[in-house]
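Trainee: Please pick one part of this chain and take me through it closely. Keep it brisk, and give me the cut-offs as you go.

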Amino acid sequence: QLKLVESGGGLVQPGGSLRLSCAVSGFPLDYNSIGWFRQAPGKEREAVSCISRSGGTITFADSVKGRFTISRDNAKNTVYLQMNSLKPEDTAVYYCAVWWRCSSGPGDYDYWGQGTQVTVSL
């Protein structure tokens with residue numbers, strides 16, 4: 001049984017921080033790259049960050065570089081997205097997804113979680 005579960009979203013003020021988690025289980029060995037995407041109402045789903053199995057490949061969207069970091073704890077089968085200096089434009093539903101390598105294209109990924117809401121507002 002394949003499982004992919006996001007958590008850690010919430011409401012924060014501009015300049016605040018959140019740490020999102022993506023817990024995965026039951027995937028084939030080849031499917032070890034995990035990407036984070038986000039989608040705001042009325043907008044397309046966009047890539048935020050991705051990390052490969054070994055951590056040798058790490059990517060970030062230009063809009064979050066310098067503010068977000070990504071890491072993984074393979075013993076816990078969990079990937080984390082640390083979001084700092086949050087801005088109102090970061091408000092979206094955040095999803096994690098699994099594929100065999102990192103890609104910025106949402107259509108490339110085979111498996112998706114349910115999403116977790118992040119709201120940045122006064």
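Mentor: Start with Ser21, which counts as buried because its relative accessibility is 17%. Buried means under 20% relative accessible area, exposed means over 50%, and partly exposed lies in between, all with a 1.4 Å probe and protein chains only. This is a predicted model, where local features need pLDDT of at least 70 and side-chain atom pairs count only at pLDDT 80 or more, while totals for chains, interfaces and linings use all residues. Residues are numbered from 1 along each chain as its sequence is written, and side-chain values use heavy atoms, with hydrogens and water left out.

Ser21 sits in strand 3, residues 18-25. Strands are DSSP runs of E with at least two residues, and helices are runs of H or I with at least four; both are numbered from the N terminus. Now the surroundings. Setting aside residues up to four places away in sequence, Ser21 touches Val5, Glu6, Ser7, Trp36, Thr78, Val79 and Tyr80. Contact here means heavy atoms within 4.5 Å.

Strand 3 and strand 8 (residues 78-83) run antiparallel, joined by six bridges. Two strands pair if DSSP finds at least two bridges between them. Across from Arg19 stands Gln82, in strand 8.

Next, the disulfides. There are two in the structure. The cut-off is a pair of cysteine sulfur atoms within 2.5 Å. One of them links Cys22 to Cys96, S to S 2.1 Å. The link of Cys22 and Cys96 is right-handed, with 75° about the S-S bond. Cys22 lies in strand 3 and Cys96 in strand 9 (residues 92-99), so this pair ties together parts 74 residues apart in sequence. Cys22 is buried, at a relative accessible area of 0%. Cys96 counts as buried too, at 0% relative accessibility.

The other disulfide joins Cys50 and Cys102, with the sulfur atoms 2.1 Å apart. The link of Cys50 and Cys102 is left-handed, at -90° about the S-S bond. Cys50 is in strand 5 (residues 46-51) and Cys102 is in the loop between strand 9 and strand 10 (111-112), so the pair ties together parts 52 residues apart in sequence. Both Cys50 and Cys102 are buried. Counting bonded cysteines along the chain, the disulfide pattern is 1-3, 2-4.

Finish with Arg38, in strand 4 (residues 33-39). Arg38 counts as buried because its relative accessibility is 5%. Its side chain makes a polar contact of 2.7 Å with the side chain of Glu46. A further polar contact, at 2.9 Å, joins the side chains of Arg38 and Tyr94. A polar contact is a pair of N or O atoms within 3.5 Å; within protein, one must be able to donate a hydrogen and the other to accept it, and residues adjacent in sequence count only if both atoms are side-chain atoms. Leaving aside neighbours within four places in sequence, Arg38 is in contact with residues including Glu44, Val48, Phe68, Glu89 and Asp90.
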